[in-house]
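Me: I would like to learn how to read helix packing and sheet order in a model. Please take me through one case.

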Amino acid sequence: MPEGHTLHRLATEIEATFGRRRVRVESPQGRFAESAALLDGALLRGAEAVGKHLLVEFSGRRWVHVHLGLIGGFVVTRGPAPPPVGVVRLRLRHKTAYADLRGPTTCQLIGPGERESLLARLGPDPLSADADPEQAWRRITRSSAPIAVLLMQQPVLAGVGNVYRAELLFRHGLEPHTPGRLLGHDRWQAMWGDLVALMREGVRTGQIDTVHTEHTPEAMARAPRVDDHGGEVYVYRRSGQPCHVCETPIRTEVLAGRNLFWCPTCQRPDPRSDRTTDCADAADH
DNA sequence: GGAAGATGACAAG
DNA sequence: TTGTCCTCTTCCC
């Protein structure tokens, strides 16, 4: 579930529900019990998302640092808290709402120093108003790693995951194996602007929709996507299905341990590249 | 009832 | 590059 937009929504929801109130803090599962006891009854000041990280601030310059990883979930529900169902690492609650955290890779009580070092190791977040795309550009243009790998490295760019990276590369017609150093600056600026718009839309709707108006199911008279992640996409998890634009079957492969999807016809190396558009080049990495 | 898989990240080699 | 962790859901027997 969680790419950056999910965490930003979550931060907003947690702040709206629990912000500036004293909350009960529990760890039904037990793995966060010691820290929960320290925070129980404290004032929850607010919540912020940075990339895929969530920071819930409590009085006394204390933060609960949460990272959902691949499978984690943090669900806010109205109403008094019932007995926990399943494995609940952390529960926040007051009289009229509760939030259950399950399966995070990180749930840790931290102080100002640890918070600072976390922020320092993250690249610009397209959802943050003061993010600097040039900071990401400097790393991309220095690297010979495939652009598809760089987009998912959180020190390069914070908040982009497997869906946004695949869809962004499609929307910009960029072959995923193109080395970062061959990416043109203009192309990068366009990609950044697009990411900001796409991810803001993701925060608004809670899902990842990336198709242009002319490629929606209605416009194309095709069946809408039925999937657990909702939105309409060009390539993500569409392996073997026809490209919405050119009908070439979408390709997939595992790159750096993650499933990559792309259209071999619509996506080409950056024009600044001195390579030909021969697909054999793409295998070089 | 069990295996596989999933929008992530890290350590070890 | 591989293995490991986190939890739940889906699919197949």
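Reply: The model is predicted. Start with a pair of helices: the crossing of α1 and α7 is right-handed.

Me: At what angle do α1 and helix α7 pack, and how far apart are their axes?
Reply: Two packed helices are described by the angle between their axes and the distance between the axes. Here α1 and α7 (residues 185-205) meet at about 45°, and their axes are 8 Å apart.

Me: Which residues make the contact?
Reply: From α1 come Gly 4, His 5, His 8 and Arg 9. Met 199, Gly 202 and Val 203 are the residues of α7. By class, the contact has 2 nonpolar, 4 polar and 1 charged residues.

Me: What is the order of the strands in the open sheet?
Reply: Strands of a sheet pair through backbone hydrogen bonds, either parallel or antiparallel. In this sheet of 4 strands the order is β2-β7-β8-β6, and the pairing is antiparallel. β2 (24-26) and β6 (73-78) each have a single partner strand, so one side of each is left without a neighbour in the sheet. On average, neighbouring strands are turned by 15° against each other, direction ignored.

Me: How many bridges join β2 to β7?
Reply: There are 3, and β7 covers residues 90-94. Val 25 has Leu 92 in β7 as its bridge partner.

Me: Which strands does helix α1 touch?
Reply: Helix α1 (residues 4-18) packs on the sheet and touches β6, β7 and β8 (97-102). The direction of α1 makes about 35° with that of β6.

Terms used. Residues numbered from 1 in each chain as written. Chains lettered and ligands numbered in written order. Predicted model: local features only at pLDDT ≥ 70, side-chain atom pairs only at ≥ 80, totals over all residues. Pairing = 2+ DSSP bridges. Helix = DSSP H or I, 4+ residues; strand = E, 2+ residues; numbered from the N terminus. Axes fitted to C-alpha atoms, helices over the stretch in contact; angles between N-to-C directions. Contact = placed C-beta atoms within 7 Å. Left-handed = near helix turned anticlockwise from the far one by under 90°. Nonpolar A, V, L, I, M, F, W, Y, C, P; charged D, E, K, R; others polar.
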